[in-house]
Every structure is written in C-alpha cells, then in structure tokens.
Number of protein chains: 2
Amino acid sequence: MGLDQNQWSEEEHDVVQRIRKRVIEVVGRNMELYGVTLSTGHLYGLLFFADKPMTLDDMGREMQMSKTSMSTGVRTLLDLKMVNKVWEKGSRKDLYEVEYDWYQTFTDYFATQWRRAVESNLQALRRAMKEIDRLAEQPDTGGFVAGVLRADREKIRQAESYYKWLDRLIDAMEDGEIFDLVPREP
Amino acid sequence: MGLDQNQWSEEEHDVVQRIRKRVIEVVGRNMELYGVTLSTGHLYGLLFFADKPMTLDDMGREMQMSKTSMSTGVRTLLDLKMVNKVWEKGSRKDLYEVEYDWYQTFTDYFATQWRRAVESNLQALRRAMKEIDRLAEQPDTGGFVAGVLRADREKIRQAESYYKWLDRLIDAMEDGEIFDLVPREP
DNA sequence: AAGTACGTACAGAAAAAACTGTACAGAGTA
DNA sequence: TACTCTGTACAGTTTTTTCTGTACGTACTT
C-alpha cells in the first residue's frame, strides 16, 4: 500500500492486507446504500486504510484498474464529500484521502442528496396541488371528477406533510442538532 | 386508471392523468435514493394515485410493461414495505396498494436497509479489530508494523463509534422516538 | 518557448441489469 | 378429479452502466 520500503516484510504486509481486505469488502458492498458502485465502494475502502493520501496512479495500481476509472470514482466520492483533495507541496499529482469523520460524511450525504430529492418532490407536489385546485374550481367539473380530485388532493397533502418533516430532519442533520437529539455517546 | 366506466369524460380523465403523471415522474425519479429502478419508482407513483388497489394486470396495462416486470417490481416494493398486499374477497388476483403513511415508509426503510448494513459493517470491524490485536500481541511483530496496526486500530475504533451512533439513530427511527425529537408538526 | 506530466473527455468494448415471453407449479373452482 | 387462472422461475434479448485506451487541454518545469 505504497510502502515499498523494506520496513516490513512481505509476510507482514500480506497479513495486514488480508485483514484490511475483508473490511474493505464489507464496507464497499454496503456503500451501495449511498448509491455508489461496488468498485467505487472498494476504492473508498482502499483509501480508508491508506497510510497516506493517494494519487490516481496509486489507486489504479492497487485496484488493478485504469486511471480513468479511478478518476471518475474519485470524483463520485468527492461529490459525496466522502473523499477530500489534499495538497502536498512537492507533488504535482493530486492527492486524495477519505473524510475520516463519518458522522460528517453521513450528515453531508443527507444534506445534499436527500435535500435535493425533497425539494424537487415538494415542488412537484405543490405544482400539482395548484393545478388540482384550478381544475376543481371550474364550474363544469362533474361530481365524479370532483371526488377524484378530492382524493388526489388529500394524498398530496399527506405527502407534503411528510416532506416538510423530512426537511426538518435534514435540517437537524445539516446543522448538527441531530447530535443533541441522538448523542454521539449514549 | 381502472375507471373505464363513463363516469368522467375522456377529456377529464386525460387532464387528471397529466397532472398525476408529472408527480409520478418526479417521485419515481427521486426514488432512486431508495435504490430502486426508475421504472419501479414509476410503478410506485402509479400505485400512489391509483383510486383502488391494483392487480399485476392492471399495472402492466397502465405501465405498458410485462406482467413479469410488474411482479418483480411489486416484490421489490413489498420488500421495502412501500407497498402492501391487500385482500379482497371475490378476486382471485393479488391486489396491491401503496403504504400511504410515508413517515412509516421512511422509518421502515431505515430499520431494514440501514440496519442490515450497520450490522454487517460492525461485525466486520470487530472481527478485524480482534485480528489486529492478536497480531499486535505477537512477540515477533516489528516496530514498524506495530505502528501500522496502531493506525488501523484507531481508524476502526472511530468507525465503530460512528456505527454505534447510527445504530441508535436507527433505533429512534424504528421505535418512533424520532418523532419526539423531530416532531411531525413543527 | 519547448517539453513533460497530469487529469479527464470521449468513443468503443465489456459487463451488468432490466425487461420479456414461455412454461409451469400451485391454488381455486366445478 | 379435471379444469382454469394466477404469479413467478428461467432463459434469452435489449438496454444501461461500467470500464478501458487514446487523445488532448492545461499547468508546471526548464
């Protein structure tokens, strides 16, 4: 893992790698919950255990994959704020390391991904609500249609209520209030 | 939408469908956050606005897709507890409707999917921790390796701490305590 | 300014996933 | 028991996604 100096034997290296590998495997697999590829998950795991920030070439070598793939993988992880670009004088290459604060990672994920979804959904629901109201107010709307509209309206109202709640939950994640509600230490 | 009686005109039907369609579109798209396909998301949206529980054939007709796809789609949604099987005497076909309580849907999702991930990760981390400890205790472990092990150990410790917190957050979701912390009504 | 090294855009290949049609097991009906 | 109908397993096809190699723009070095 970038430690080619003979500071530890091949055997020692292998043993440590084996231990790491199993964790990487599991963590990588479960990262599909964050909507990332299995291989991007692996990349994350690799970076997690890296002894120091890695370059794209390092990653490519370790993962036995093309640098192009590393580039896109890293970008995905950067977007999710799971990985940070690191500056180090002397190296012209870009260096990356994982964000080790997983609390932060988790809350950031919500703040970005879920917020986006909530907002677009809320917008769609509100728009629909308006249209329904406009339709319902038209004098030539039959009684049956009125019933259908009432039903749709109620469904949308409930959904809106839920999204507003979710929005507040995301607020709590974003500003860290969640850690008052559910403390880091029990 | 299963309303082939002439209780409303073609035109009325179309107008309502257009409004619904836009919501379905958006909701379906954002359901990728739950790890479901776009088309499964659409299916969910369809069921959301359905005036009554639907059969697989109904869905296939509306979605213009094979019954097989509906079957797998519904099963996915059932697994996520986003859809419920409904019993209705007289009909030999299975009937499905969405779970309209979206608060429930959200918390259930966490309770099942995220819990699974947390548990498998915690297990892997603990196993790794044990192996590291065993290795570190061996007398022939060099100083350099000891340092590497110490670093890995610390990383794992932090990760464990995070997962334990997440586990408690999931607890709060599961038993509804989250609604005390972040109330449904502000 | 010329040369070198880095990251990524892009097009094509490989792999994975979604979707379909057929076939069939099992439950309900007569 | 024989018959009908429903949901799904499975194999094959289509579509989508992932991955790779090449080519190139940019930035740094000399």
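1. In this predicted model, 65 residues of chain B are in contact (heavy atoms within 4.5 Å) with 65 residues of chain A. The area buried between the two chains is about 5,900 Å², and carbon and sulfur atoms give 71% of that area; buried area is the accessible area (1.4 Å probe) that two parts lose on being put together, summed over both. B:Leu33, B:Lys155 and B:Trp165 supply 12% of what chain B buries against chain A, more than any other three residues.

2. Four salt bridges are counted between chain B and chain A, a salt bridge being a side-chain nitrogen of Lys or Arg within 4 Å of a carboxyl oxygen of Asp or Glu. One of them joins A:Asp152 to B:Arg20, with the closest N and O atoms 2.8 Å apart.

3. Serines of chain B approach phosphate oxygens of DNA strand C with polar side-chain atoms: B:Ser69 at 2.7 Å, B:Ser39 at 2.9 Å and B:Ser66, through a side-chain N or O atom, at 3.0 Å.

4. On numbering and method: residues are numbered from 1 along each chain as its sequence is written, with chains lettered from A and ligands numbered from 1 in the order in which they are written. Local features need pLDDT of at least 70, side-chain atom pairs count only at pLDDT 80 or more, and totals for chains, interfaces and linings use all residues, while side-chain values use heavy atoms, leaving out hydrogens and water.

Technical notes. Polar contact = N/O pair within 3.5 Å; in protein donor to acceptor, adjacent residues only side chain to side chain.
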